Amino acid sequence: MATEQTEVTVRDAGLWSAAVPLLESLVEDRVASRLTDGDATLWGADAEPEAAIRLSWTTLHKTSRPLIGEIETLRAQLRSDGIDRVVLAGMGGSSLAPEVITNTEGVSLTVLDTTDPDQVADALAGDLERTVVVVSSKSGTTVETDSHRRIFAKAFADTGIDAASRFVVVTDPGSPLAELARAQGYRKVFLADPNVGGRYSALTAFGLVPAGLAGADVARLLDQAAGVAPALGADSADNPALRLAAALGAAHAGGAEKVVLADSGSGIVGFGDWAEQLIAESTGKQGTGLLPVVAEGPDAPGFADAGGDATAVAVGEAVPGAAIAVSGPLGAQLLLWEYAVATAGRLLGINPFDQPDVEAAKRAARALLDHPDAPAATAEPTKVVGPVEVYAPEGSPAEGGLADVLRRFVDAASAAGRGYVSVQAYLDRITDASAAVLRAELARRTGSQVTFGWGPRFLHSTGQYHKGGHPNGVFLQLTGNVEDDIDVPDRPYSLGVLQLAQALGDGQVLAETGRPVLRLHLTDRAAGLAEVVRAVQELNE
Ligand SMILES: O=P(O)(O)OC[C@H]1O[C@](O)(CO)[C@@H](O)[C@@H]1O
């Protein structure tokens with residue numbers, strides 16, 4: 001049952017009494033109304049230039065209205081041409097919102113936010129005669145999205161379909177993608193509001209166009225946001241976003257930097273995946289921040305049994321074990337969390353609108369693509385256990401079986417004190433979906449908080465926090481052999497090569513910042529995953 005009432009309840013009495021003084025200061029400083037009015041001084045002088053071009057999201061429930069008609073018209077035209085399958089190529093802020101919107105409404109959208117050749121092959125195998133591809137990129141330069149565009153252009157051409165008529169672009173004015181779309185005569189270009197950053201763009205063209213073309217009721221989403229907007233802009237202790245920000249800020253000050261999210265009957269499907277990027281990329285920097293941990297549900301390990309380093313937040317009803325509960329329909333929750341996270345950024349003393357550590361991993365991946373013979377790309381495994389090659393952190397012992405290697409590795413998270421384990425699977429999230437069980441399995445057996453992300457998708461979400469946030473994580477990377485690779489047209493690499501370079505590049509950057517990285521490469525994906533799960537299950541035997 002969807003929860004219609006939008007409210008934030010802080011159920012933990014200790015947390016609430018720590019939050020009240022922060023809440024009072026936010027009200028006194030008129031943070032909510034200043035945010036609504038676009039006051040870029042809220043995060044200090046260093047953040048001001050960036051904030052000055054990032055605050056238009058507070059009024060999108062009004063300014064995005066004209067898009068609704070445009071989307072409906074295009075959808076009707078596509079339908080009359082027999083085109084009713086929508087594929088979205090986009091990373092992070094350019095795909096996470098449409099994914100949660102369409103999943104919540106139960107309408108079909110194929111989201112491509114991967115470089116896994118197998119997963120891309122799946123999308124290519126759909127009926128191309130009925131397919132439109134929405135290419136979404138604010139910068140217009142994101143390598144994954146550009147690769148998908150090239151691959152689909154070739155596939156359309158190979159099938160005798162006029163590719164230009166099948167591409168719809170969402171991008172910022174003046175981006176290289178906007179120029180290319182114009183030059184190639186793509187079917188339609190939606191220029192988004194450039195004064196909204198990627199992770200705050202759910203209610204811009206980035207969220208609304210793909211979701212609307214797929215058939216979601218995006219007008220209702222704006223109505224839901226409009227319904228809560230006055231409360232979010234109010235300098236009042238009843239403001240739900242200020243309450244949430246104050247509670248998260250107080251929790252962080254008290255040593256709980258992790259935020260464990262679990263759905264508790266909100267009716268929203270996959271909200272945590274969207275909130276993850278907002279929270280991690282906005283706050284995880286300068287050695288501080290809030291680490292989002294998406295739990296499978298309120299009964300999953302890490303939620304009700306969260307330790308002192310974590311706050312359990314229910315999305316939906318206030319359930320036992322939740323310190324905080326946030327209810328409300330999707331459109332309202334999107335805007336509420338944006339206000340809350342931007343405000344928490346002020347309490348944490350960081351700039352919630354930049355992502356300073358994301359570029360480092362992109363650079364490292366590019367360097368590996370340029371120098372495929374670099375040591376990182378040609379290293380030999382430390383050991384091989386059946387279908388699993390082990391690449392252990394430098395200097396760490398590798399004796400024993402896979403479970404011994406893993407035990408020593410995850411122990412480093414507990415040794416770091418309040419540490420966490422991050423599982424990063426550079427695999428196919430459809431065929432290799434079983435990898436996701438590792439989150440709960442590891443959390444149950446280690447007692448540490450455990451995050452799970454699909455690579456390279458998470459690089460555009462929690463990736464910023466892992467490199468820039470509290471430096472107490474250990475990182476378990478999973479990579480796998482590729483059976484049928486896909487060349488990226490007019491580029492000197494294939495998807496498989498790019499995917500591995502992304503894993504190695506990010507691993508390198510993590511290691512350079514002193515964060516332990518263990519890579520397990522699955523020479524046979526299914527058998528390798530089974531072996532890894534078995535080893536994890538042996539951990540506390
Ligand atoms: O929309 P773009 O420019 O392709 O970027 C996609 C994503 O990549 C990031 O810039 C960081 O990786 C995100 O902030 C953003 O949402």
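Two residues are taken to be in contact if their C-beta atoms, placed from the backbone, lie within 7 Å. The model is a predicted one, in which local features need pLDDT of at least 70 and side-chain atom pairs count only at pLDDT 80 or more, whereas totals for chains, interfaces and linings use all residues. Residues are numbered from 1 along each chain as its sequence is written.

The domain assignment, with bounds that come from an automatic or database source, divides the chain into domain 1 (7-41 + 235-348), domain 2 (64-221) and domain 3 (358-537). The centres of domain 1 and domain 3, taken over C-alpha atoms, are separated by 29 Å, and 22 residues of domain 1 are in contact with 17 residues of domain 3. On the side of domain 1 that touches domain 3, at least two residues each are supplied by β7 (258-264), α13 (271-283) and β8 (291-294), helices (H or I, at least four residues) and strands (E, at least two) being DSSP runs numbered from the N terminus. Of these elements, α13 gives the most to that side, with 4 residues.

Helix α6 (residues 96-105) and helix α10 (residues 205-214) have axes that come within 8 Å and cross at roughly 35°, where axes are lines fitted to C-alpha atoms over the stretch in contact and angles run from 0 to 180 degrees between N-to-C directions. The contact is made by Ala97, Pro98, Ile101 and Thr102 of α6 together with Phe206, Gly207, Pro210, Ala211 and Ala214 of α10.

The ligand is surrounded by 15 residues, each with its C-beta atom, placed from the backbone, within 6 Å of the molecule; the closest are Gly92, Gly93, Ser139, Thr142 and Gly198.
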